[in-house]
Amino acid sequence: MKNFTSVQDVADLQQLVESALAYKAYPFKDEALGHRKRIGMLFLNPSMRTRLSTQVAAQQLGMEAVVFNVGSEGWALEFEEEAIMSGNTVEHVKDAAPIMGKYFDILCIRTFPSLKNKEDDYSELYIRQFIKYAGIPIVSLESATLHPLQSLTDIITMQEYMRQPSQVARFAGRKPKVVLTWAPHVKPLPQCVANSFAQWVNAWGEADFVITHPEDYELSEQFTKGARIEYNQDEALKEADFVYVKNWSTFQDYGKIYTNDPEWMMTNEKLAHTNNARVMHCLPVRRNVELSDEILDGANSLVTTQAGNRVWAAQAVLSEILRGK
Ligand code: CP
């Protein structure tokens, strides 16, 4: 693997899942792989899980991790080619990225969408410019449109659950029903987690995949093609084995909130429509807005296991890059 920015960078998704689960069983089995290698982690916006899990993963492979909060501590970067830098940006990525390429063996970046200009956000300029100019492998820690380390974790978490001895018979000879449901939120959020989850579930190809959201919250077909879209949430939830809860802002009329209907919040009452589904969320979560306390604190929630699995997803990706596979 050269870079890791989407599922399209992955040659064998199932092999990556197995690698992650092997690291979960034996975290230090490759502790010499990254000896004397350094990973740079650039954050243009906040993070808890991605930052900590990727650092832990790198350290378990013997790497040294250096975190740089560019957004709050670094010079403001310019990404546009041929920009006349007479505004607020101080340093061009074509100057900064090659220097980082000299300091590190792998460079990880978390960027963010403006939610103002769809074409700019969906062009993924920030990630593309780092790939162009850094000269070393680039790992996305979440970009304007995708969150691949989160989505790999989500696939790992579902497969791990299905392999539990108590669940093997339940899933024997059939695909799990996986439902991605929109949830209310107090502010417009990116589409990246939902886009990415759809992209990875479709690439996995082992799920009966349904996406449910209010009308006008359609995601880009670039990512959802292959899923069934259902506007009636109760109907979508019927017989679901996994329910992935996430808010996103509108894609067509970009970055807006059209409705915040609290009826879309996941509750135990809604869970009763499902096949005793496990409930997932990437976190952070707005309790009692997106998901009720009763679900998050209840037996059906997978969110802590899911967040814990971020380490193994990151370790599997970093090890593939280190091996030059
Ligand atoms: N899920 C996730 O990416 O969490 P953080 O924003 O805390 O990294």
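Helices here are DSSP runs of H or I with at least four residues, strands are runs of E with at least two, and both are numbered from the N terminus. All the views below come from a predicted model.

**View 1. The five strands of an open sheet line up as β9-β8-β7-β10-β11, with parallel pairing.** At the edges you'll find β9 (228-230) and β11 (278-280); each has a single partner strand, so one side of each has no neighbour in the sheet. Going from one strand to the next, the twist averages 25°. Zoom in on the β8/β9 pair: β8 covers residues 208-212 and runs parallel to β9, with three bridges joining them. Pick out Val-210 there, whose bridge partner in β9 is Arg-228.

**View 2. Helices α7 and α9 lie across strands of this sheet.** Helix α7 (residues 148-162) lies across β7 (177-182), β10 (242-246) and β11, and runs at about 155° to β10.

**View 3. A cis peptide bond links Leu-283 to Pro-284.** Omega for this bond is near 0°. Pro-284 sits in the loop between β11 and α13 (293-296), and Leu-283 lies in the loop between β11 and α13 as well. Check the backbone of Leu-283 too: its phi is near 65°, a positive value in a residue that isn't glycine. Buried means under 20% relative accessible area, so Leu-283, at 19%, counts as buried.

**View 4. Glu-82 is a non-glycine residue with a positive phi.** The angle is near 60°. You'll spot Glu-82 in the loop that connects β3 (77-78) and β4 (91-92). The cut-off for exposed is over 50%, so Glu-82 counts as exposed with its relative accessibility of 78%.

View 5. The domain assignment gives domain 1 as 7-146 + 309-323 and domain 2 as 150-308. Their C-alpha centres lie 25 Å apart. Between them the domains bury about 2,700 Å², with 61% of it on carbon and sulfur atoms. On the domain 1 side, Leu-115, Tyr-122 and Asn-309 supply 26% of the area buried against domain 2, more than any other three residues.

**View 6. Lys-24 forms a salt bridge with Glu-160.** The closest N and O atoms of Lys-24 and Glu-160 are 2.7 Å apart. As for the domain pair, the count between domain 1 and domain 2 is two salt bridges.

Conventions
Residues are numbered from 1 along each chain as its sequence is written. This is a predicted model: local features need pLDDT of at least 70, side-chain atom pairs count only at pLDDT 80 or more; totals for chains, interfaces and linings use all residues. Side-chain values use heavy atoms; hydrogens and water are left out. Two strands pair if DSSP finds at least two bridges between them. Axes are lines fitted to C-alpha atoms, for helices over the stretch in contact, and angles run from 0 to 180 degrees between N-to-C directions. Contact means heavy atoms within 4.5 Å. Buried means under 20% relative accessible area, exposed over 50%, partly exposed in between (1.4 Å probe, protein chains only). Domain bounds come from an automatic or database domain assignment. Buried area is the accessible area (1.4 Å probe) that two parts lose on being put together, summed over both. A salt bridge is a side-chain nitrogen of Lys or Arg within 4 Å of a carboxyl oxygen of Asp or Glu.
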